[in-house]
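Here is a friendly note to read alongside the model. Keep the structure open, and look up each residue as it comes up.

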Amino acid sequence: MKKVLKYIKYLLLVVISLIAILIIVANLAEDKITQVALKHISKAINAPVVVNDISFTLIKEFPLATVEFDGFILGAPNYNAEDPKAVGDTLIRLNKLYVSVETMPLLDDIYNVTKVEVEGAKIHYTVDSLGVSCYDFLMQTDTLAVEEEPDTSATTLNLLVEELALDDIKLFYSDKALQAGAWISISKFRMDGEIHGDTIQGNVVGDIRMTHCDYPEFNLHLMKETSVHYDVNLNQNLISINDVNIITDGAQLGINGKLELGDTLKTDLQIEGKQFNVAELVKYSPKGMLEDLGIKETKGMLDFTTQVKGAYADSTLLPRVDFSFSFNDGKVATVDYPQVKNIRISGSATNGQQQNNLTTGVVINECHLETASSMVDVACSIQNLDRINYNVKSNAKINLAEFKDFIPDTLVQKIGGSIEALFSTNGVMPDSINDDFINYVLNRTNVSLTLKGIDAQMDSIVTFKNLRGSLIYQPNTFIVRNFGIDVPDYHVKLKNSSLHAQFKGSLLDYENLGINLHSMRFETGNSFIRGAGSVEKLLKPSFKLNTNLSIDLSDFAAYIPDSLVNKLDGKIDFTCKTHGKLDLDSITDAQINAIVYENGEYALDVKDLNVEMFEFPDFPLKGVQAHVDMAKDTININGVKGAVSELDFAMDTTQVRNIYEAFIKNQNKTIEVETNINLGDIKMAMFAPFLNGTTDNEGNKTQEASTTDIQDVTKTEPAKYTFAARGKFAAKSFLLDYKAGDFVMDSVLFEDISTLFLAKDSTYKLDNLKFNAFNGEMLTSLRYDILKNGMVIASMKNNIHKMDISKLLKDFNNFSQNEITNEQLSGLFSCKDVHSRYVIKDNELILNKITLTGSFTLEDGGVYNYKRATDMSSISGIKELNNIRFHTIQSSLFIYNNGIYFPKTELLSNAVDITAFGMQTFDDKYRYHMGINLREALLGKSKKKNKKQEEGDVKKNKKGEIKGQQFFVMKNTEGKEHFGPDKFEDREEMTGIISDNKDFLKLHFNPLLVNFDTGVEE
């Protein structure tokens, strides 16, 4: 125990002795050390250094020696050592500065600094308007170097700083050249490290705060404060960033990781940005920039993270960089454009595992933009910068009214409605943009546009409303659905329209482009067109087309000027199916004709058509129905019916053949028409305007165009084709109510009309023309032949059954003659096999070429006050000749060689029997022979004789004349009229003349050789 106390005693003596020695050494060495320190500092920096008080202690940081500077000042070069107050600008002012060094090396003048502490400091860094800083003098060297003796003493400084501590450091920065400045406050700074030759290691921890920043170009004066916290280690070439956190107005930035220095920089860094507030950061934008851009307001919050890992060497080796970000609650308000709000953008970028262009990519997961009533969403990605792979998807909803103010008034005055758009595409960018790439893009792109209620008023052009529908483009496909538009100016209302088309080939190579039209439909009102087809090679297209057009004419009536049509309605359905090939560089008639006639199939249906023309208001079409189809050069017409004014019409089983082969191609073929026509009640009066010439709106007759006024300026090929139209015709009635000059017809009515007809080249035929008229029936056949020399031959065959001759004369207004009228003649007229022929030349009837033969009968008739008979009555005194009544008159009159010949005709009446024969020419020469029983004329016929005659018993003499008759002759030859008793020889002569002319007639005119056959079956 005594030994322990003894050791303790010795130890205390050693410690006390050591402390005393340290105090003595410190006092002895204080001046030397501090002076050496100040001398070295002033010499090293070539600047005046002033210290208010310096103390040296070995106690404070034992076993380290510590130098304490109280009031350390670094001044400008104009420092006055004798008068510290004369120091010029103060550059650095330290309140307390502690420098601790190792003790033992001091004995050998070796200074190993292990700890430096600064408590309170103010540092000024200024730059004048010429760009000279207050510290530039520290870097100045004498222009004349003085060679000094080499210092053979030890010059290697091994610096070990176990801790550098800075507290309450303020740096005042001002740059007049840049008009920049800042106050930098270091509230805490801790650093420890060692420098031993080329070896450096250490650690830095601290906090920095910046205020009163100024940089006019970026408005830094608006920044309130920026703080930086850092914790960084340096171990030789390895920098470890434990934590770097920067916080400023509206932004936070954090950095951590490692950097390994060397020929190759190795990195492993994480950088994170939080709450980057655009509304706050935008205040730093250059003055006037936002105003120049028209930006009134902008905001949003940005977060991002970046990871950098790998090695870097020049540009040959890059670390991997992964970057991701998100931007939310964004907003941009501008002067000229709608406000954009609710902006959201998120994405990432990386250079990938290979850290080169091949694996570099950018991905925008979301880009969302909104205006007051519109929005856009976009997502896209780009990969491989050497050959960019791209993928873009977007979705937009646009309210067009929002953007009206941004469309020039010269284009659009008003606009409304909305558009919804979907867009997507992907692919690889080529080395150069060319047509192949455009085709490549089109083949990998999808576009969908949905139009909703778009209204627009174009400048002085057109206004449309309610534009709607979907337009879809897919690779090689174009689709339109539910498309519609209203154009009030043109009375157009397109609705329920659609289209589906596929493309074959390149859209840019239109010469070889093919289009397959799967379906097409466009509808307006109650009308539509629909169809399908295909086309190959647009320059020289071969195509197929199948289409159907359904037209409600009332939909289009508004487009037709009132000067043409007063009324138009009804429905027309038209179907077309054709195919063919065209050479657009040289379209020929042969190409068109082949498409239209050789390959085309058509069908036309007309339903309830009503048309009223402005120029012909009295001839409206009413209720027209029809079906027409055409194929293989044949037109079929069926089910036609309707009315023109009050005239009903119908046509069925009609066929037209060889229009193309004969007419269009002008070949030696016949255009054949077969038809069956039925009409209702025809009134001649309705055709009067056409027969008498046209009239203007005031009823004045207008001059018809002269054929000499129309000159054919082109020479056309003579027609090689012929024409043949045949068929059946029927009409319910035909009313002749017509006036032309002195010729007047009063209500001549033909009923139950029917006929077979043929119109062929220069021959026109009516066969079995039947009708009821004048209380009787008629069966007629007509033939009209136009000869090459221009002459016309008309042939006729008639059979009439019991027509009221008085009614006929009356209805025809006695044919405008007074020779014999309806009041003078009565009876039922019949004829059988009456054949006649008429020759017309230069529109004149050649009278001496008229031929007629047949059998005529007049029953139950009479002749009253007939001038020829009354003349005989005045001479003979036979009063009955003024009023002749008969049962039956039969005659075989004929016309030949300018004369009408009446063979012997016996008129057996209840009063008197008359025999008459003779002739009359068309130049009013006549010769009639008449026989009468004078006794019967004076006393009347007996009932017995009338009864026998009714039984067919007629008494005749050897001459074949009725017994008891006396003959008289009435003639007009050489302009002299004569009436008197007749001679038998004269009668024989007239009988011979009649017989001879009849024989000549038979020789020159054989009715059996006239063919009335139309080739139409009954």
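1. Start with the lining of the cavity. By class, the lining of the largest cavity has three nonpolar, five polar and no charged residues. Its members are Asn439, Leu442, Asn443, Tyr473, Asn476, Gly505, Ser506 and Leu507. The volume of this largest cavity is about 40 Å³, and the structure holds one cavity of 30 Å³ or more. As for how such spaces are found, rolling a probe the size of a water molecule over the atoms shows where empty space is left.

2. Now step back to the whole chain. Please keep in mind that this is a predicted model. The chain has 1018 residues, and buried residues make up 37% of them. You can count twelve helices and 45 strands. Take the contacts between residues at least 6 apart in sequence: 52% of these join residues at least 24 apart.

3. Next, look at Asp249, in the loop between strand S9 (238-248) and strand S10 (251-260). Is Asp249 buried or exposed? Asp249 has a relative accessible area of 10%, so Asp249 counts as buried. Beyond its neighbours within four places in sequence, Asp249 is in contact with several residues, including Leu222, Met223, Leu281 and Tyr284.

4. Which residues does Tyr230 touch, not counting residues up to four places away in sequence? Among them are Ile186, Phe189, Val204, Val205, Ile208 and Val244. Also find Ile246, which is 16 residues from Tyr230 along the chain; the C-alpha atoms of the two are separated by 8.5 Å.

5. On to helix H5 (residues 589-598), where Gln591, Asn593, Ala594, Ile595 and Tyr597 are buried. What covers these buried residues of H5? The cover includes strand S25 (542-552), strand S26 (565-581), strand S27 (601-613), strand S28 (621-631) and helix H6 (659-664).

6. Then check the cysteines. A disulfide is a covalent bond between the sulfur atoms of two cysteines. How many disulfides does a search of the whole structure find? The search finds zero. Cys380, for example, is in no disulfide: the nearest cysteine sulfur, that of Cys367, is 7.7 Å away. Cys380 counts as partly exposed because its relative accessibility is 26%, whereas Cys134 is buried, with a relative accessible area of 15%.

7. Most residues other than glycine have a negative phi, and most peptide bonds are trans. Asp761 is not a glycine, yet it has a positive phi of about 50°. Asp761 sits in the loop between strand S33 (743-760) and strand S34 (763-773), and at 39% relative accessibility Asp761 counts as partly exposed. Phe774 is not a glycine either, and its phi is positive at about 55°. Phe774 is found in the loop between S34 and strand S35 (776-786). With a relative accessible area of 4%, Phe774 is buried.

How values were computed:
Residues are numbered from 1 along each chain as its sequence is written. This is a predicted model: local features need pLDDT of at least 70, side-chain atom pairs count only at pLDDT 80 or more; totals for chains, interfaces and linings use all residues. Side-chain values use heavy atoms; hydrogens and water are left out. On a 1 Å grid over the protein atoms alone, a cavity is a set of points where a 1.4 Å probe fits but cannot get out, and a pocket is an open set with protein on both sides within 12 Å along at least five of seven lines; lining residues have an atom within 4 Å of a point. Grid points are joined across faces, edges and corners, and a volume is the space filled by probe spheres set on the points. Ala, Val, Leu, Ile, Met, Phe, Trp, Tyr, Cys and Pro count as nonpolar, Asp, Glu, Lys and Arg as charged, and the others, Gly among them, as polar. Helices (H or I, at least four residues) and strands (E, at least two) are DSSP runs, numbered from the N terminus. Buried means under 20% relative accessible area, exposed over 50%, partly exposed in between (1.4 Å probe, protein chains only). Contact means heavy atoms within 4.5 Å. A disulfide is a pair of cysteine sulfur atoms within 2.5 Å.
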